[in-house]
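Student: Could we go through this model together, slowly? I would like to begin with the ligand and then move on to the strands.

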Amino acid sequence: MVYKIGSISGDGIGPEIVAEARKVMDHAVAKYGHSLEYTDILMGGCSIDATGVPLTNEAIEQAIEVDAVIMGSIGGNPATSPWYQLPPDKRPEAGLLKLRKSLRLFANLRPAHLYPELRGACPLRDDIIGEGFDIMMVRELTGGLYFGKRETKPVNGVNTAIDTLSYNENEIRRVAEKAFYIAGKRRKKVTVVDKANVLDSSRLWRKVVTSVHEKYQNIELEFMLVDNAAMQLVRDPGQFDVILTENMFGDILSDEAAMIMGSLGTMPSASLNETKFGLFEPSGGSAPDIAGKGIADPIGTISSASMLLRYSLGLDKAADDIDGAIKKTLADGYRTFDLMPKEAAEKKGLKQVGTSEMGDAIVERL
Ligand code: IPM
Ligand code: MG
């Protein structure tokens, strides 16, 4: 079968890592007699340069027409890039937020598990890592602070900025359903992360999640305040199974969770709506400082490709093959620079490779 895939290379290291993900996906599906037909879609800074806006309506239409979208990353260095001289709603990030909203991608899945081979790259102490960890972060993606009304204006003669954090119960319920469903296929525990000791929105989250939980009595539900959760992630990450949280807390905690995997470049993500369609991108950013050098870690994007095959196309075997090939490649000692331990003595047996060599090594092991 021929599947239609949208491809958003974006900015910075985006084009380099997406090229590797496509290469690996193409090989993985070919083994089962399938092929992928790509439509390149412009988004982010590259779209601003080409069209004046970070996401055109035509780009949204293109994304609607495909079975799934693979994406790299968007944005540049705010201190130096001219994109950040533009009004906020014309900057690269606004394109991504608009795409997520237009496609109703309310559930963002960010798995953080420790590859045993990457123990040496994990910044946590050995006794804290223990048996490792396997967390599924479920981040609400189309509500909260990132989509609330915002303005900057003088209030009583003082320049004042206002951002609005709002959630309604439907937005909470649909992502809670997803989290419980996912937990049912895993270790059957959901930790809701919030700030219910201060925020009204968090208190509504607790109420709605508790009512959704009535249908899922086989799943353990706990609530944890976000400041505590940030601390627990580096104190005892093994305690978590599914973490369910609102948009901004999920944004922040998922970077922390990615880092304890060894590197921000290693964590994939899937942004889903009620259908099988999804947008699949690494959790890390566009890393403008290393763009074009051919050294970026493509594993998060290649794992995102595996999630694409599994969630949107239902090609579980091809996805398993990619996951297995990544593990094998790491076991064989291949590492991009971000995953190399600092101490020379520990580098024994490891091969430092660039982005495309890493992709090739994974393809060879499919
Ligand atoms: C992410 C990113 C985005 C977000 C930015 C680029 C808008 O940090 O996907 O985590 O905050 O969602
Ligand atoms: Mg982020």
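**Ligand and sheet**

Tutor: In this predicted model, an oxygen atom of ligand 1 is 2.7 Å from an N or O atom in the side chain of R100, a polar contact being a pair of N or O atoms within 3.5 Å, where within protein one must be able to donate a hydrogen and the other to accept it, and residues adjacent in sequence count only if both atoms are side-chain atoms. Local features need pLDDT of at least 70, side-chain atom pairs count only at pLDDT 80 or more, and totals for chains, interfaces and linings use all residues. Side-chain values use heavy atoms, leaving out hydrogens and water, residues are numbered from 1 along each chain as its sequence is written, and chains are lettered from A and ligands numbered from 1 in the order in which they are written.

Student: How far is an oxygen atom of ligand 1 from the side chain of R110, and from D251?

Tutor: For R110, an N or O atom of the side chain is 2.8 Å from an oxygen atom of ligand 1, and for D251 a polar side-chain atom lies 2.9 Å from one.

Student: Okay, new topic: in what order do the strands of the open sheet come?

Tutor: The order of the 10 strands is 2-1-3-12-11-4-5-10-8-9, with mixed pairing; strands are DSSP runs (E, at least two residues), numbered from the N terminus, and two of them pair if DSSP finds at least two bridges between them.

Student: Which strands stand at the edges?

Tutor: Strand 2 (35-40) and strand 9 (220-225) do, and each has a single partner strand, so one side of each is left without a neighbour in the sheet.

Student: And how do strand 4 and strand 11 pair?

Tutor: Strand 4 (residues 107-113) pairs with strand 11 (residues 270-272) in the antiparallel sense over 3 bridges, and L109 stands opposite A270 in strand 11.

Student: What about strand 6 and strand 7, how many bridges join them?

Tutor: Strand 6 (residues 150-155) and strand 7 (residues 158-163) run antiparallel and are joined by 6 bridges, with V158 in strand 7 as the bridge partner of V155.

Technical notes:
Helix = DSSP H or I, 4+ residues; strand = E, 2+ residues; numbered from the N terminus.
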